[in-house]
Amino acid sequence: MDEGLKVTFLGTGTSQGVPVIGSEHPVCLSEDSRDKRLRVSVLLSWGGYNYVIDCGPDFRQQMLVNKVKKLDGILFTHEHSDHTAGIDDIRPYFFRQGDIPIFAHKRVVKSLKRRFDYIFQDKDRYPGAPSVAINLVEKDTDFEIGDRRVTPIQVMHNRLKVFGYRIGGFTYLTDVKSVAEEELEKIVGTKVLVVNALRIEPHHSHFNLEEALDFVKKVKPQRAYFTHISHLLGFHAEVEKSLPKNVHLAYDNLTIAI
Ligand SMILES: [Zn+2]
């Protein structure tokens with residue numbers, strides 16, 4: 001059944017993006033547009049609603065490319081800069097819509113308050129500063145965005161607790177190295193799974209390709225897409241060919257219907 005949820009991959013790159021500045025690695029020099037990866041984020045659209053998961057340093061460019069005129073909120077997975085550094089660029093939305101709802105764990109909010117203090121300031125606010133409405137996300141507590149229910153999935157990014165999110169048949173997990181069994185139960189039956197696959201070699205805080213493929217076997221979604229990709233994973237066209245039929249590498253601006 002079509003749930004009417006449209007997912008757009010705004011960025012599918014790891015923290016430095018692909019190409020890496022100054023790199024002469026063949027993947028960084030590739031002319032295939034699918035080898036150009038902005039920092040990781042997705043746009044969730046349905047029935048006039050637009051939400052993004054994460055808001056990294058490429059947020060402005062991503063909103064311009066995808067002509068997103070209205071933003072109903074931002075769900076944060078965690079506080080690392082490649083997922084949060086673009087928050088100042090919510091200003092055009094704030095000027096038109098007022099406070100922009102954010103959904104995040106309290107630790108993530110604390111980090112944002114420290115790094116973007118002017119956004120959260122109550123008194124003597126700078127006139128051009130944006131403002132947000134804070135919604136705290138807790139493990140084991142579903143919440144709503146628009147008219148849809150979201151289940152937070154707690155996963156481990158090395159020792160850091162990170163949230164992934166399930167909305168109906170769609171599950172988005174990024175920056176994952178391990179998932180506890182009780183959290184796995186929350187994503188049983190998901191139709192489309194998005195998960196990180198950083199590179200070929202193992203990494204201390206991310207699934208490599210082999211671990212991502214093993215995870216897909218465990219979850220058994222109808223379709224899976226890999227994201228948060230480093231140039232060290234290889235050329236998009238070559239890696240894509242090596243994957244099982246229902247597993248794909250995501251690429252920037254790929255749109256899928258759930
Ligand atoms: Zn990341």
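Okay, housekeeping. Numbering starts from 1 along each chain, following the sequence as written. Since the model is predicted, local features need pLDDT of at least 70 and side-chain atom pairs count only at pLDDT 80 or more, while totals for chains, interfaces and linings use all residues.

When I say helix or strand, I mean DSSP runs, numbered from the N terminus: H or I with at least four residues for helices, E with at least two for strands. UniProt, in an unreviewed entry, puts a "domain: Metallo-beta-lactamase" annotation on residues 39–228. Those positions are in the numbering used here, feature names are shortened, and such annotations may be inferred rather than shown by experiment. Over residues 39–228 the chain comes out as 25% helix and 31% strand, with the end C-alpha atoms 8 Å apart.

Let's start with the sheet. In what order do the 7 strands of the open sheet come? They run β6-β5-β4-β3-β2-β1-β14, with mixed pairing. The edges are β6 (132–136) and β14 (255–257); each has a single partner strand, so one side of each has no neighbour in the sheet. On average, neighbouring strands here are turned by 20 degrees against each other, direction ignored. For that angle, axes are lines fitted to C-alpha atoms, for helices over the stretch in contact, and angles between N-to-C directions run from 0 to 180 degrees. By pairing I mean that DSSP finds at least two bridges between two strands.

Zooming in on one pair, β1 (residues 6–11) and β2 (residues 41–46) run antiparallel and are joined by 5 bridges. In that pair, G11 sits opposite S41 in β2. The loop between β1 and β2 holds P19, and the peptide bond joining V18 and P19 is cis, with omega about 0 degrees.

Next, β9, residues 160–167. Is β9 mostly covered or mostly open? Mostly covered: 6 of its 8 residues are buried. Buried here means 20 or more other C-beta atoms within 10 Å of the residue's own, exposed means 12 or fewer, partly exposed is in between, and the C-beta atoms are placed from the backbone.

On one side, β9 pairs with β8 (residues 148–157) in the antiparallel sense over 7 bridges, and M156 stands opposite K161 in β9. The hairpin of β8 and β9 has 2 residues between the strands, and N158 takes a positive phi near 55 degrees. β9 also pairs with β10 (residues 170–172), again antiparallel, over 3 bridges; there Y165 faces Y172 in β10. That hairpin too has 2 residues between its strands, with G168 in the turn at a positive phi of about 55 degrees.

Now the inside. The largest nonpolar core has 65 residues, and V42, V52, V195 and A197 have the most contacts inside it. A nonpolar core is a set of buried Ala, Val, Leu, Ile, Met, Phe, Trp, Tyr and Cys residues joined through C-beta atoms within 7 Å. Contact likewise means C-beta atoms, placed from the backbone, within 7 Å. Skipping neighbours within four places in sequence, V195 touches residues including L173, F207, A212, F215 and F226.

A212 and F215 bring us to helix α7 (residues 209–219), where L209, A212, F215 and V216 are buried. Why do the buried residues of α7 line one face? Seen down the axis, they fall within an arc of 120 degrees, so they line one face of the helix; the arc is taken from the directions from the helix axis to the C-beta atoms. Those buried residues pack against β11 (192–196), β12 (223–227) and β13 (247–249). E210, D214, K217 and K218 are exposed on the other side of α7. After α7 comes K220, with a positive phi near 55 degrees.

D124 is not a glycine, yet its phi is about 50 degrees; D124 lies in the loop between α5 (117–120) and β6. H228, also not a glycine, has phi near 55 degrees and sits in the loop between β12 and α8 (236–242). Which of these is buried or exposed? D124 counts as exposed, with 6 C-beta neighbours inside 10 Å, whereas H228 is buried, with 29 other C-beta atoms within 10 Å.

Definitions and conventions:
Two residues are in contact if their C-beta atoms, placed from the backbone, lie within 7 Å.
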